Structures are given as structure tokens and as C-alpha cells.
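Work through the exercises below with the structure open. Try each task before reading its solution.

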Amino acid sequence: MAEIHLSFETLSGPALHPLLPALAGLRIAVFREWPYLYEGDAEYEQGYLRAYAESPGAAIVVCHDGDTVVGAATCQPMPQSHPPVPAAFRAAGLDPARFCYFGESVLLPSYRGQGAGVRFFLDREAHARSLGLPEAAFCAVIRDPADPRRPPGYTALDAFWRKRGYAPDPDLNVSFAWKEVGETTEIAHDLAFWTKSL
């Protein structure tokens, strides 16, 4: 088996535009999996990602295997993210302007376990510090461990996130709606926030 050499770059602004179709396809592929079970739409995804290209201070860490995009992780100053995110922090008495919001990390299954997840956090934290932001946050969907759709042997990422220095905040949560795979209507999903001081 050929050895895989992954490369990473942190991109922002116009440099992201040529990659939008590949990044959209990546999000759709990865988020179809548990725990998100997201029925993606290419047009919506490109619009979602285009907002990062047009958001001052936003960046996407892109992972390549040669010329192929195999992973990506997003970040931006929290006040520029989807309104429910900073609203959740204000409701908890926290200042969203102190936080860099990590929107997602997506990586194709065959490339997992090779350090990309760690690199995604390190590079986004470096970007946050370059913006002078002292804290970082992300959110993760809450699923019932007894859900019959949970794959056998699935391991939650909680231990990985804790090892990176993040901790869940029980006072911080948000709800987003999306269509699950095979469904025709959107369903509200609760997500919990994890935070870290940089």
C-alpha cells in the first residue's frame, strides 16, 4: 500500500472560491454519516462555504492528498457565524467577540487516524490567535447512544476533544434544523458547545 502524504494549507478570501465545489462534496459525503445523518444539497453547501470566503477573518484549513481535497476544517470570528451561535453565548452571559468559532471538521474515512484531526485544531487555533481571539468554541450534535442507527463500534470524539484541551459547557447549547438522510422535511437537532481558552 502506498504511503499517504497529507498536506495542509489555511486559506481565506478569494483563494477559497476554486475549491468550493470540492469542499461542498466533501461536507455532503462526511455529514451523511452518523452522528449527523445529513441529507446535503450541493447548491446550499457551496453557498454556505462561499460565506466563509466572503467573511473577514474566516479561514478554512484544507487537507490534500496530492491534488485531491480529502478534508477541511472551518473557523471564523463568532460574531460572523450563524446568528444562533453568538446568541447562545450572549444568553449565557459570554461575549461572542472573544471567540473563534470552529464550524466543522470533515475528513474522508480512509484518511482518519493519521493526525489530520489534530492538525485541524492546531491550525485553526493558530488562526484564532493571529486574530487576537483568546478563546475557541465548537458544537457537536447530541444523539441518543441507544439510537438504532448508531453504527456498531462507533466511538464518540469526546476523549479526542478533551485531549485537545476542550471541555463541554452545560450552559451552552444551540438548535439547528436539517433534513436527515432519506427524509423530506427538516428536523430540529440539539447541539452542545465545547470551549477552550487559547
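**Exercise 1. Find the partner of the E33 side chain.**

Step 1. A polar contact of 3.1 Å links the side chains of E33 and R112. A polar contact is a pair of N or O atoms within 3.5 Å; within protein, one must be able to donate a hydrogen and the other to accept it, and residues adjacent in sequence count only if both atoms are side-chain atoms.
The model is predicted: local features need pLDDT of at least 70, side-chain atom pairs count only at pLDDT 80 or more, and totals for chains, interfaces and linings use all residues. Residues are numbered from 1 along each chain as its sequence is written, and side-chain values use heavy atoms, with hydrogens and water left out.

Step 2. Now place E33. It sits in the loop between α1 (20-31) and α2 (42-53). Helices (H or I, at least four residues) and strands (E, at least two) are DSSP runs, numbered from the N terminus.

Step 3. List its neighbours. Leaving out residues up to four places away in sequence, E33 touches P109 and R112. Contact means heavy atoms within 4.5 Å.

Step 4. Why is E33 called partly exposed? Because its relative accessibility is 27%. Buried means under 20% relative accessible area, exposed over 50%, and partly exposed in between (1.4 Å probe, protein chains only).

**Exercise 2. Describe how α1 and α2 pack.**

Step 1. Take the angle and the distance. α1 and α2 pack at about 115°, and their axes are 9 Å apart. Axes are lines fitted to C-alpha atoms, for helices over the stretch in contact, and angles run from 0 to 180 degrees between N-to-C directions.

Step 2. Name the contact residues. α1 gives L20, P21, L23, A24, R27 and I28; α2 gives A42, E45, Q46, Y48, L49 and R50.

**Exercise 3. Say where H127 lies and what it touches.**

Step 1. H127 is in helix α4.

Step 2. H127 counts as buried because its relative accessibility is 14%.

Step 3. Not counting residues up to four places away in sequence, H127 touches T10, G57, A58, A59 and C75.

**Exercise 4. Trace the polar contacts of R143.**

Step 1. R143 belongs to the loop between β6 (135-141) and α5 (158-163).

Step 2. Is R143 buried or exposed? R143 is buried, at 17% relative accessible area.

Step 3. Its side chain reaches the backbone oxygen of P35 at 2.6 Å. A polar contact of 3.0 Å joins the side chains of R143 and E180.
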